[in-house]
Structure formats: structure tokens, C-alpha cells
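Open the model in your viewer and keep the selection panel handy. We will go through one chain and then look at what it touches.

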Amino acid sequence: MSDATQISATISPETRDLLERYVSIHGVKKSHLIETAVLHHLSALDAIPTDLVIPPAILVSQTAGKLILDRIETPKPPTAAMRVLYEG
Amino acid sequence: MKVDVRLLRPDDDRLAFSSGDAELDRFFHKFSAQNQFQLHIGTTYVAVYESEILGFVTLSATSITIENLPKSARKRLPRYPLPALRLARLAVAQKSQGQGIGKQLLRATFQIAHEMADRTGCVAVVVDAKANAVSFYEQFGFEPFEVVSGELGDRPSPLPMILALGSIPGG
């Protein structure tokens with residue numbers, strides 16, 4: 001890699017939290033993680049048609065978010081089909 | 001029919017597989033190995049019977065962010081954004097459809113979700129369901145949810161559905 005250069009970017013607090021958490025757990029430099037992630041992403045976009053790329057994150061509406069949080073906090077019991085799946 | 005579900009290998013004969021869905025077959029033939037072995041952006045598991053691939057499922061770790069989630073609500077969550085396992089693609093060979101192979105791939109997916117929960121966190125399984133597969137997922141408790149961004153680029157657009165890990169036995 002040639003001489004380093006500095007960039008500035010505005011990102012969501014959620015992404016910043018993920019970044020901080022990963023850096024803290026794995027002990028890598030933020031700059032290394034960011035550069036590696038960008039290169040991975042660009043490489044994927046070059047190698048795979050856009051319609052086949054699996055986006056790394058999902059943003060949902062508040063309505064959907066409420067449903068998801070409700071289900072996580074109070075999961076529905078397994079359905080009949082689920083029980084059969086685990087009996088077989 | 002009881003199949004062995006294992007990770008895709010570089011030397012697997014992917015071209016012999018045909019589900020009858022051109023888009024799923026295109027992905028499996030041309031890009032599943034690239035995704036897994038070069039780009040590391042998705043992991044494909046295959047259902048194998050006597051060395052023949054009869055189905056596959058492609059999984060990817062994902063995170064769910066809720067639009068404008070109040071800070072007070074965020075504080076109640078042990079992990080945020082919410083970590084989840086995304087079932088991006090699942091297909092069964094045309095000649096083997098209706099023999100329970102999709103269900104075995106789904107059960108393997110659930111097992112992986114529980115392992116992910118133990119290692120790095122996972123609160124739910126998310127599936128991008130094709131229109132003809134919505135009822136298949138509904139029977140296991142998956143529910144549709146509205147995605148603002150992060151949907152797959154498949155056409156026609158799949159329906160995002162979610163199932164909380166707590167609704168899946170084995171935890």
C-alpha cells in the first residue's frame with residue numbers, strides 16, 4: 001500500500017458502535033479494520049452481480065422494530081410444524 | 001430421505017445441481033463458491049445423499065437496526081444492532097423436492113443460529129422468502145416484516161420474514 005491518506009466520513013452511531021466493539025475485542029487498529037472492510041466490499045461488488053450480493057445489515061421501520069423486539073422479549077412457542085421438525 | 005448437511009467444498013460438483021429456479025441455480029453454479037472461499041460474505045451448506053448435492057442453503061451473519069430507535073429503548077438491549085442469521089437462499093434439486101430436504105436444511109440453519117448465539121450473539125433468523133416459499137416458512141412461525149434498506153436484490157423481490165431464536169427449540 002502506498003503512503004497513507006486521511007478520509008472523513010459520517011456513519012451511523014450503530015455502525016460506530018459495531019466498529020468500536022470489534023476493535024476493543026480483537027485489538028486491531030480502526031484504520032486497518034476500515035480499510036480491510038472497504039476492500040472486501042469493493043472486491044465483492046466487482047466479483048458478484050449486484051443482485052446476488054447479500055447486504056451486511058438490515059434497517060427496519062419502527063413498526064417492524066417493535067414487532068421484532070416483542071418477539072425477542074416474548075418468543076412465541078414453537079409451532080406444530082417446528083415441533084415435528086425436531087421430533088423427526 | 002435423510003441427507004448429510006455439510007459445508008460446501010471447493011471440489012463439489014455444483015453444475016450438476018438443478019432446482020428449476022434459474023436465479024437460484026445461477027447463484028449456486030457461479031457464485032456460491034466465490035462467496036465462500038474468496039470473498040467470505042456468505043456460507044453455503046449443501047444437503048448430500050450418496051455424494052450428490054440435493055439442496056443448498058446460503059447463510060450470512062447480519063445485523064438489524066431499527067429506524068430512530070429511542071436511546072432509552074437501546075439501553076434495554078444487551079446487543080445492538082441486533083445480531084441475526086440471514087438465510088439468503090435455499091433450494092432443493094427438482095427431482096428431490098417434496099422429500100423433506102428443505103426442512104433438513106432449515107433445521108441445520110436453526111442449529112447454526114443457536115451456535116452463533118452462543119459464540120457471538122444471535123437473536124433471530126431472517127429469511128428472504130420467495131413468493132412460492134412464504135407458506136413453507138410461515139408454518140415454522142416466520143413472520144413478514146418491513147425492511148427500509150438491506151433487502152436482497154433478487155427479482156421479483158423476496159419477502160423478508162423473521163423468527164425469534166426463542167421460538168426455535170435447542171437453545
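Select chain B and colour by burial: of its 171 residues, 44% count as buried, meaning that 20 or more other C-beta atoms, placed from the backbone, lie within 10 Å of a residue's own. This is a predicted model, in which local features need pLDDT of at least 70 and side-chain atom pairs count only at pLDDT 80 or more, while totals for chains, interfaces and linings use all residues. Residues are numbered from 1 along each chain as its sequence is written, with chains lettered from A and ligands numbered from 1 in the order in which they are written.

Now switch to cartoon. Chain B shows 4 helices and 8 strands, in the order β-α-β-β-α-β-α-β-α-β-β-β from the N terminus; these are DSSP runs (helices H or I, at least four residues; strands E, at least two).

Next, bring in chain A. The contact takes 43 residues from chain B and 35 from chain A, where two residues touch if their C-beta atoms, placed from the backbone, lie within 7 Å. Among the elements of chain B that give two or more residues to this side are helix H1 (22-39), strand E3 (52-66) and helix H3 (101-119). Which element gives the most? Select E3(B), with 6 residues.

To finish, zoom in on Ala57(A), which stands opposite Ser63(B) in E3(B).

Note on methods:
Buried ≥ 20, exposed ≤ 12 C-beta atoms within 10 Å, placed from the backbone. Pairing = 2+ DSSP bridges.
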